[in-house]
Amino acid sequence: MAMNRFLELYDVLIDSFGPQEWWPAETTFEVAVGAILTQNTNWTNVCKAIDNLRQGGFLTFERMAALSVDELAGLIRPSGYYNIKAQRLKNFLEMIRDDYDGELESLFQESTDRAREVLLSVRGIGPETADSILLYGGNHPVFVVDAYTHRIFSRHQLIEEESDYHSIQQVFLDALSPDAEMFNEYHALIVRVGKEYCKKKKPLCDGCPLRVLCE
DNA sequence: CACCAGGCAAGTA
DNA sequence: TACTTGCATGGT
């Protein structure tokens, strides 16, 4: 039977690192908030912002919706871009209130395509953020592409360097069967191996499990 | 000190 | 359409 490189790679990663058990959040609402806050930002900084929100009890739709943009900005300050991210969170909350009566779960009940379309219509939610929310919050089988995915797979010449988000995503969809559990682990493993072995500064991945691809 | 981190939108020509 | 720039903190 045909064993493609993308499946092979998944096995190598899960054998090397084990299940990652993502997303690191207690509720689906927290997943969505984290997905917006982590845009172009180190996760450790996002944690500080999430902790501030948790301390204040603002990690629910109602409590966060009651905050002003400036109050929200102050709380999420450590995550960087705090003014624009506060507005993005408010845009997200506004959509949930107007279209889903404040129930994020109702959005997840929609078809994957429809839910993705709605998320993308929110100012400040792009493809990666939308897909992260769908996969990790709603358990929809969409493959999340991020900077690590692009860097790792282009370095190993499995995708073109200039590939855009959609084309990279399509490569994975063509190679894998749509399984939310597996997509979940795969992306989490890509981030894991990327953080440890595929940073911008270290082009040579010494000790990286993906060295098997270099042969 | 310079560079980077789990993007996205707006501006320019 | 195809680049470029702004957003901003905290870690290495």
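Reading helices and backbone angles in a predicted model

Author: Just after α1, Gly-18 has a positive phi of about 80°. The model is predicted.

Reader: How many residues does α1 have, and what should they span?

Author: The general idea is that the expected span is 1.5 Å times one less than the number of residues. Helix α1 has 13 residues and should therefore span 18 Å; its end C-alpha atoms are 18 Å apart, which agrees.

Reader: What does α6 reach from its first C-alpha to its last?

Author: Helix α6, residues 82-100, has 19 residues and reaches 26 Å, close to the 27 Å expected at 1.5 Å a residue. Just after α6, Asp-101 takes a positive phi of about 55°.

Reader: Which residues of α6 are buried, and where do they sit around the axis?

Author: A residue counts as buried if 20 or more other C-beta atoms lie within 10 Å of its own. In α6 the buried residues are Lys-85, Ala-86, Leu-89, Phe-92, Leu-93 and Ile-96. They cover an arc of only 120° around the axis, so they are on the same side of α6.

Reader: What covers the buried residues of α6?

Author: The cover includes α2, α4 (61-65), α5 (69-75) and α7 (104-109).

Reader: Where is the cis peptide bond?

Author: The cis bond joins Trp-22 and Trp-23, with omega about -5°. Trp-23 belongs to the loop between α1 (5-17) and α2 (28-37).

Reader: At what angle do the axes of α10 and α12 cross?

Author: Angles of 65 to 115 degrees count as roughly perpendicular. The axes of α10 and α12 (residues 180-197) come within 9 Å and cross at roughly 70°, so α10 is roughly perpendicular to α12.

Reader: Which residues of α10 and α12 meet?

Author: From α10, Tyr-148, Thr-149, Arg-151 and Ile-152 meet Ile-190, Val-191, Val-193 and Gly-194 of α12. The residues of this contact divide into five nonpolar, two polar and one charged.

Terms used
Residues numbered from 1 in each chain as written. Chains lettered and ligands numbered in written order. Predicted model: local features only at pLDDT ≥ 70, side-chain atom pairs only at ≥ 80, totals over all residues. Helix = DSSP H or I, 4+ residues; strand = E, 2+ residues; numbered from the N terminus. Buried ≥ 20, exposed ≤ 12 C-beta atoms within 10 Å, placed from the backbone. Arc of directions from axis to C-beta. Contact = placed C-beta atoms within 7 Å. Axes fitted to C-alpha atoms, helices over the stretch in contact; angles between N-to-C directions. Parallel < 35°, antiparallel > 145°, perpendicular 65-115°, else oblique. Nonpolar A, V, L, I, M, F, W, Y, C, P; charged D, E, K, R; others polar.
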